[in-house]
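Reader: I am new to this structure and would like to go through its charged pairs and helix packing. Could we look at it together?
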Amino acid sequence: MVTAENSLLSAGYDEESRYRMVQEQRLVPLQASSAILFAALGDDSWRVRKQAVEVLLAAHPSQETIHQLINLLRDEENAGLRNATAELLVRLGSRVVPVLLEHLADPDHDLRKLVVDALGAIGGKDAQQGLIRALSDPDHNVAAAAAEGLGNSGTAEAAPELIRHLEQNQEPFFRFNLLAALGKIGVPGPLPPVIRQLAGQDILRRAVCECLGRIGGDQEAVELLLEGALSPLPSVRQAAVISLAKVLQQLQPDAQCKAKEQLRRMAEIGRAHV
């Protein structure tokens, strides 16, 4: 672990001197400069950390060095170190993906979470396969981060896996992230039975309504959203109405007319109870 005690940067230098010292490492082989650069990733100064990222990027670190960088993410006390290292790994791009994938089985769940975040930010086919693996992670935060990464990718091929895990994993936070991911991917079609099931759970009803605004395109979605529009919870009602407007645009003209008639009757019933 990199600490101030084992770094040349801790020898009483001011910020500007530390910054210049990091800059000078561009002229030094990475094998000789890595100790200073790794310590600089955790420096108190944002400028120094940022410069260390740039120098390491230019040095084209080896696979062994990438493993060492990933291990820096284990530091629980230095958020600046973790953030700078995570930025560096993402900016290194697809070349770090094979090394990141090796750490998906690491016993440290916090490290796995950061690895999954990096895979989601890097993207690509191999990273996506890693995220799909991580949907089965025993830690709900790691699995939820994998769902978020797949949602941000917008890749339709991930939707069946998301639905399968939505059925299998009943943890609410995980399901919330999966619903959001499905909504971001936005593949319309017949609704999976699990969506209908979750629409009846108050804790997830708003998330279901928001998801339906992207994946709903038939009368069944309309019925679920009409039920949501009658919810006593204002946030659910708002989400249902917004999503219903989106779904109506996807319907055939006859289905649109039917849905609008249902809305009209609902409005009349609402006025009668005022």
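Reader: How many salt bridges does the structure hold?
Author: The structure holds 13 salt bridges, a salt bridge being a side-chain nitrogen of Lys or Arg within 4 Å of a carboxyl oxygen of Asp or Glu. This is a predicted model, in which local features need pLDDT of at least 70 and side-chain atom pairs count only at pLDDT 80 or more, while totals for chains, interfaces and linings use all residues. Residues are numbered from 1 along each chain as its sequence is written, and side-chain values use heavy atoms, with hydrogens and water left out.

Reader: Which residue forms a salt bridge with Arg 112?
Author: Asp 137 does, with the closest N and O atoms 2.7 Å apart. Arg 112 lies in helix H7 (residues 109-122) and Asp 137 in the loop between helix H8 (125-134) and helix H9 (140-153), so the pair ties together parts 25 residues apart in sequence. Helices here are DSSP runs of H or I with at least four residues, numbered from the N terminus.

Reader: Is Arg 112 buried or exposed?
Author: Arg 112 is buried, at 8% relative accessible area, and Asp 137 also counts as buried, at 10%. Buried means under 20% relative accessible area, exposed over 50%, and partly exposed in between, using a 1.4 Å probe and protein chains only.

Reader: And what about Arg 91 and Glu 87, how do their side chains meet?
Author: They meet in a salt bridge of 3.4 Å, N to O. Because they are four residues apart in helix H5 (residues 79-92), about one helical turn separates Arg 91 from Glu 87. Arg 91 is partly exposed at 41%, as is Glu 87 at 27%.

Reader: Which residues are linked with them in a network of salt bridges?
Author: Lys 50 and Glu 54 join Glu 87 and Arg 91 in that network.

Reader: Changing topic: at what angle do the axes of H11 and H13 cross?
Author: The axes of helix H11 (residues 172-185) and helix H13 (residues 202-215) cross at roughly 15 degrees and come within 7 Å. Axes are lines fitted to C-alpha atoms over the stretch in contact, with angles from 0 to 180 degrees between N-to-C directions. H11 and H13 are therefore roughly parallel to each other, the term for angles under 35 degrees.

Reader: Which residues make the contact?
Author: Among them are Phe 176, Leu 179 and Leu 182 of H11 and Leu 204, Ala 207 and Val 208 of H13, where contact means heavy atoms within 4.5 Å.

Technical notes. Helices (H or I, at least four residues) and strands (E, at least two) are DSSP runs, numbered from the N terminus. Angles under 35 degrees count as roughly parallel, over 145 as roughly antiparallel, 65 to 115 as roughly perpendicular and the rest as oblique.
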